Every structure is written in C-alpha cells, then in structure tokens.
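Here is a walk through one protein model, taken a piece at a time. Keep the viewer open and click along.

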Amino acid sequence: MDKIIELVSVNKRYVNEYYDVEVLRDVGFFLAAGEVAAITGPSGSGKSTLLSIAAGIDRPDSGQVLFEGVDLTTMDENRLGDMRSAKIGFVFQNFQLLRTLNAMENVAMPLVIAGIPSGEIEARVRAALAETGMSDRAMSLPSRLSGGEMQRIALARSFVNRPAILFADEPTANLDLKNARQIMKLMLSMNRDHNSTLLIVTHDPDVAKLADRVYELRGGILKQKRKPGRSRK
C-alpha cells in the first residue's frame, strides 16, 4: 500500500499572553492512493489546523509530515509552494474565489502559478469546467453565481492541476442540503476518476459516512473511529 501522506507524532500548540492551547498532541495517521478519509470533531478542536499542517500550509511544532515520502517540515517556503502547485488541491467552505476574476480565470490560477503554457491552460480549464457542469458559466464573475455554482468552480480549480491529494475543509458547510449532496457526489466522483486521495474535514455525519475511514479529533488527540458503512459507488 503506497502512502501518499503520513503524519508522524505531530504536535501543535498556540500560546500567547491570554491562552495556552495544545491543539494537536502526538497525532499520527496515513492515507493511501485513492483513499477517502474524514476528520470530525467539535468546533474549535483543531480540525482545520490539522488539515493545514497536512497540506504544508502551516507547520507543526514537532513531528513529521511526509508527502510521497518527503518530509514537508524540512522544505523552505519556495519548495513548499512549488509542491502545493503541482501536487495538492484545496477546497474551502467559503469557496475562496477571486471576486474580480471570472470562473474560467479562477480555475486557471493554479496552472498560471505553476507556469503551465497558455495553450495547455485553456484546454485543461475547459475540461475541468465541463467535468463540473459549469462550461456555460465560464465567463461569469463569482457575484453572478449561486453558492453551489461557486463550489463547483472551486472544485474545478482544485482538480485542474491533477493533484495527488485533495484537502477539503468543510466543503458543504455553506450549502443547502440539495447542493451539499450534489457537491459531495461530484467530489467523490472526480476523486475516483482522477485516482486522487481525499481528506475531508467535516462536522456533517452524512458526509463522514461516505469516507473509507473516519477520525475524530478531540482534546488534541486523533482517534480512528469504527469504519462506517458507505455508499460511494
């Protein structure tokens, strides 16, 4: 079983003059290629912090974050940025679309940053928009899109660089039930079609039950819960 990502004894503490909080305590887990995992836990338990550390956006106080066998904690910011552009996708609950760019331009951003030739960028962006059912909204600004449409554009953007792993932070939190179900179905379908690995932070048990494995983060400690039934096919 090839490990795409592995966290080894990861610790993270936030300290200032008002508080001292141990957010992650000796956290360890790994994900294999094509696997879907969910992290659950109460609000403020550090789920988003864990996701950011796993994605190389934040750094732990100690421990290792191994991506395809390479320790992200030893990389400088330039190498980390290049690796994220080439290998990682990220979906946020508030979409994180640039308001002054249309849908096509938003989807293209990871490829522009990665220095992909312009002709290839257009082809890959149009393919990603078609995959998410958003071809007819390619020239629309985010202000002209619904919440569900914005999250579809965000999904197209996250998959356009063909990531080895996709991190999703509460991807359905700002959507109604119908759109939430559609987005999860689409995300799982794209994950399967691209053979990428998916790590989801969620408070929604209906989302968590779709995962291969479910973890709970509480009091800084990550525990694997009993494997739930799932229906991803």
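## Ser-158 in its helix

Ser-158 sits in helix α5. Buried or exposed? With a relative accessible area of 3%, Ser-158 falls under the 20% cut-off, so it counts as buried. Bear in mind that we're looking at a predicted model here.

Leaving out residues up to four places away in sequence, Ser-158 touches Gly-89, Phe-90, Val-91, Pro-163 and Leu-166.

## α3 against α5

Next up is how α5 packs. Helix α5 spans residues 147-159 and helix α3 spans residues 103-113. Their axes come within 7 Å and cross at roughly 30 degrees. That angle is under 35 degrees, so α3 and α5 are roughly parallel to each other. The crossing of the two is right-handed.

Which residues of α3 meet α5? On the α3 side they are Ala-103, Asn-106, Val-107 and Pro-110, and they meet Ile-153, Ala-156 and Arg-157 in α5. Sorted by class, this contact of α3 with α5 has five nonpolar residues, one polar and one charged.

## α3 against α4

Helix α3 also packs with helix α4, residues 118-131. Here the axes are 9 Å apart and the angle is about 130 degrees, which makes α3 oblique to α4. Once again α3 makes a right-handed crossing, this time as it passes α4.

From α3, the contact uses Met-104, Val-107, Ala-108, Leu-111 and Val-112. From α4, the residues are Ile-121, Glu-122, Arg-124, Val-125, Arg-126, Ala-128 and Leu-129. The contact of α3 with α4 divides into nine nonpolar, no polar and three charged residues. Val-107 is worth a click: it takes part in the contact with α5 and in the contact with α4.

Now for strand β3, which runs over residues 36-40 and is mostly covered, with five of its five residues buried. Both faces are covered: Val-36, Ala-38 and Thr-40 are buried on one side, and Ala-37 and Ile-39 are buried on the other.

What does β3 pair with? One partner is strand β8 (residues 197-201), in the parallel sense over four bridges. Within that pairing, Val-36 has Leu-198 in β8 as its bridge partner. Another partner is strand β9 (residues 213-218), again parallel and over four bridges, where Tyr-215 in β9 is the bridge partner of Ile-39.

## The antiparallel sheet

Four strands make up an open sheet with antiparallel pairing, in the order β2-β1-β4-β5. At the edges are β2 (20-32) and β5 (70-71), each pairing on one side only. Inside that order, strand β1 (residues 3-15) runs antiparallel to strand β4 (residues 62-67), and five bridges join them.

## Loop residues to look at

Setting aside residues up to four places away in sequence, Gln-93 touches Gln-151, Asp-169, Glu-170, Ala-173 and Asn-174. By contrast, Glu-22 is 71 residues from Gln-93 along the chain, and their C-alpha atoms are separated by 25 Å.

Glu-170 is buried, at 10% relative accessible area.

Asn-195 has a positive phi too, about 55 degrees, although it is not a glycine. This residue is found in the loop between α6 and β8. Is Asn-195 buried or exposed? At 55% relative accessibility, Asn-195 counts as exposed.

Terms used: Residues numbered from 1 in each chain as written. Predicted model: local features only at pLDDT ≥ 70, side-chain atom pairs only at ≥ 80, totals over all residues. Heavy atoms only, no water. Axes fitted to C-alpha atoms, helices over the stretch in contact; angles between N-to-C directions. Parallel < 35°, antiparallel > 145°, perpendicular 65-115°, else oblique. Left-handed = near helix turned anticlockwise from the far one by under 90°. Contact = heavy atoms within 4.5 Å. Nonpolar A, V, L, I, M, F, W, Y, C, P; charged D, E, K, R; others polar. Buried < 20%, exposed > 50% of the residue type's maximum accessible area, 1.4 Å probe, protein only. Pairing = 2+ DSSP bridges.
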